[in-house]
Amino acid sequence: MLKNFLNIALRNLKKHKAYSFINILGLSIGLGCGILIFLYIQDELSYDKYHKNAKQIYRLAFIENRGYKTVNYPITSGGIAPALLKEVPEVLNAVRFMRIFDPLVTYGEKQFNETRIFYADESVFDVFSFPMIKGDPETALKEPYSAVITEDMAKKYFGDEDPMGKVLTFNGKQDFKITGILKKVRQNSHFKPDLLASMATMEENISNEWRPSSCYTYLVLKKDYSPSTFEKMFPNFFKIHRSPGDQRNFYLQPLLRIHLSSHLEREIEPNSDIAYVYILSSVAIFVLIIACLNFMNLSTARSAHRAKEVGIRKAAGARRIHLIRQFLGESIFLTIAALILSLILIWIFLPVFNRLAGKELSLGLFSNGFMIIGLAGFVLFVGAAAGSYPAFFVSAFEPVHVLKGKLKAGLKGSSFRKVLVVIQFSLSIIMIVGTIAISRQLNFIQNKNLGFDKEQLVVIPISNREAQKAYDAGLDAD
């Protein structure tokens, strides 16, 4: 029987090639757009989840009213982390990062101004799951003036040489010995260091520092320990340690919420916004609904021309349940064909989408269980919804009425199809208006006259102290 159903479905596809092509292509394009947006949203929601203890990691931040303005920073004093580790048993581990601002890094004749360089405690590899290709994570940052670099940075400075034991010079003064090579930090991280230098180099300057400083402090709390309970002890803890007049109010930021929910001053890197996730989710839903409605409209319209087929098959002895299975099976078959075509389109256009979005997305269909379940559910839902009208309405017709042509006019004027068409066109108009508005805003941002020629403007960072002094002297001479 299954073979018979499949033969009938294929025969109908061949007989109505244009209808089948339009129906499958329309659904596949909508489904492809929806999957691409879903991949983007999934990536945004996955930030920092790959760290082993991600749910237990929190960043320390503070808010302070300075009279003329309220400041909100994700940075703390250097002495806080060691004190918390010593005095608060609920803190299992901690790590501090301190940015090294745009150093001129030199190796031989190679010189580059780097922007993602940090001092870090040796505990960084216990807190964060940054895999190392070479070196021992337990000792790599133990000694002063030691550093670990990413594999990309190693290739940039050393080419095919083994970087281990080599020395990089910062600003012509500080020499750091390479003691480890990091695997490239994942794209879905709220910060992506290229080099981590040993915090032991700065230990004497920051360990007893309780004034506002520039350390990004991350804590690992006990698994069942409430962050709100931890925050309640802050006033007494800081009352003991901080200097008089310090009015900072500290709080914790969950690591998994930093990328989408943290918009503080002096963030390590620019974050995204959860609002974009909501907007894109709405767009994906609208696109899928429009594609599904178009698919259902065409399927329903075609069913009007199959009433005679139903009458003949019933007269030949077919039962209604067989017709229901046939119509639903054909609809699901078309949906599967559209899904396969959409996956081909995604495979073709994903590199372009990655360049536009600045991502490194991959379909990973067989490694993404949620995607497989979602697509299977989509196929069943859309296939069943599109095939429900012919399956449960057309299959109920009496053969004598169908063969006499008494139902043809009624099918063409189906109120059900009218409702679907109105909904489809309404959503399409909303999408078109929204797209035009966003396009005009982007065009305004990109082409607004700023009062200078951007193409003729060059920014040259000057990190060398001697060069800075020479530049200032030149300005004074003018």
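# Close-up views of a predicted model

View 1. S342 lies in helix α12, which spans residues 320–357; helices here are DSSP runs of H or I with at least four residues, strands are runs of E with at least two, and both are numbered from the N terminus. This is a predicted model, in which local features need pLDDT of at least 70 and side-chain atom pairs count only at pLDDT 80 or more, while totals for chains, interfaces and linings use all residues. Residues are numbered from 1 along each chain as its sequence is written, and side-chain values use heavy atoms, with hydrogens and water left out. With a relative accessible area of 0%, S342 is buried, a word that stands for under 20% relative accessible area, whereas exposed stands for over 50% and partly exposed for the range in between (1.4 Å probe, protein chains only). A polar atom of the S342 side chain lies 2.6 Å from the backbone oxygen of L339. Leaving aside residues up to four places away in sequence, S342 touches S28, L31, G32 and I35, where contact means heavy atoms within 4.5 Å.

**View 2. The buried side of helix α3.** In α3 (residues 80–87), the buried residues are I80, A81, A83 and L84. These residues lie on the same side of α3 because they cover an arc of only 165° around the axis, the arc being that of the directions from the helix axis to the C-beta atoms. Among the elements that cover them are the strands β1 (57–65), β3 (91–99), β12 (215–221) and β13 (249–254), together with the helices α7 (227–232) and α8 (234–241).

**View 3. The packing of α3 against α8.** The axes of α3 and α8 are 12 Å apart and the two helices pack at an angle of about 115°; axes are lines fitted to C-alpha atoms, for helices over the stretch in contact, and angles run from 0 to 180 degrees between N-to-C directions. From α3, the residues I80, A83, L84 and E87 meet F237, F238 and H241 of α8.

**View 4. The nonpolar cores.** The largest nonpolar core has 49 residues, of which F97, V124, F128, Y218 and F230 touch the most other members; such a core is a set of buried Ala, Val, Leu, Ile, Met, Phe, Trp, Tyr and Cys residues joined through side-chain atoms within 4.5 Å. Strand β12 supplies the largest share of this core, five residues. A second, separate core of 25 residues includes Y19, L334, L343 and F378. Not counting residues up to four places away in sequence, the residues that F97 touches include F118, V124, F128, F191, M199 and Y218.

**View 5. Two loop residues with positive phi.** D48 is placed in the loop between α2 (17–45) and β1, and its phi is near 70°, a positive value in a residue other than glycine. D48 is buried, with a relative accessible area of 2%. N171, in the loop between β9 (167–170) and β10 (174–182), has a phi near 55°, which is also positive in a residue other than glycine. At 33% relative accessibility, N171 counts as partly exposed.

**View 6. Ala275 in helix α10.** A275 lies in helix α10, which covers residues 274–303, and is partly exposed, with a relative accessible area of 32%.

Methods. A polar contact is a pair of N or O atoms within 3.5 Å; within protein, one must be able to donate a hydrogen and the other to accept it, and residues adjacent in sequence count only if both atoms are side-chain atoms.
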